[in-house]
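Morning, everyone. I have one structure to walk through today. Please bring it up on your screens.

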Amino acid sequence: VSTQSTGQPPFLPNFMSSKAPVVTSLLWGSVVVEQESGVKKSYKDCLLYPSGSKSWDWNLTGTRHVPGVQPTDVDQLEGEYEDLIISKGLQNRLQLSYDPIKKHPNLKNIHHLQSEEAVKLYNELVQQGRKVAALIHSTC
């Protein structure tokens, strides 16, 4: 991951205080998430939501790169959110098995992005105080 002149990864803006977790690092096979309390957690893949984060275990839902993210993956997210970000992986290999707009019609925005782009947008929306949830895949 390249860095800006500040030495920070490009997806890590300067943050205002927020209750939502932020992603502080994304590397192949690792997503590091920091809570407002300063507690850091490391995941291979993770689910992020306004009040926290947890591991995204593909085995629970049968998720694979193809056919891709299942509706039951999104159902694991906790709390209320208005924006949903689903990452495609670092190499854009993770697909969607369904149309999330039909399954989640009340959401304002749904984004399906390459993982670095997904993390950058997620962190920006958290900084803006938006209620956002994300599914982040750290490999393919």
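Start at C46: its bridge partner in β5 is S55. Keep in mind that this is a predicted model. That pairing belongs to a set of 4 bridges between β4, residues 45-49, and β5, residues 52-55. The two strands run antiparallel. They form a hairpin, with 2 residues between them.

Next, the aromatics. How many aromatic pairs does a search of the whole structure find? It finds 1. The partners are W56 and W58, with ring centres 5.6 Å apart. Their planes sit at 55°, so we call the pair tilted. For edge-to-face, the angle would have to be over 60 degrees. Are these two residues buried or exposed? W56 is buried, at a relative accessible area of 3%. W58 is buried too, at 12%. The cut-off for buried is under 20%.

Now to helix α4, residues 115-127.

Look at the start of α4. There, a side-chain oxygen of Q114 comes to within 2.8 Å of the backbone nitrogen of E116. After the helix comes G129, with a positive phi near 85°.

Which residues of α4 are buried? Among them are S115, A118, L121, Y122 and L125. And what do the buried residues of α4 pack against? Five names to find on screen: β1 at 22-27, β4, β6 at 83-87, β7 at 109-113 and β8 at 132-137.

Methods: Residues are numbered from 1 along each chain as its sequence is written. This is a predicted model: local features need pLDDT of at least 70, side-chain atom pairs count only at pLDDT 80 or more; totals for chains, interfaces and linings use all residues. Side-chain values use heavy atoms; hydrogens and water are left out. Rings of Phe, Tyr and Trp (its six-membered ring) pair if their centres lie within 6.5 Å; planes under 30 degrees apart count as stacked, over 60 as edge-to-face and the rest as tilted. Buried means under 20% relative accessible area, exposed over 50%, partly exposed in between (1.4 Å probe, protein chains only). Two strands pair if DSSP finds at least two bridges between them. The expected span of a helix is 1.5 Å times one less than its number of residues. Contact means heavy atoms within 4.5 Å. A polar contact is a pair of N or O atoms within 3.5 Å; within protein, one must be able to donate a hydrogen and the other to accept it, and residues adjacent in sequence count only if both atoms are side-chain atoms.
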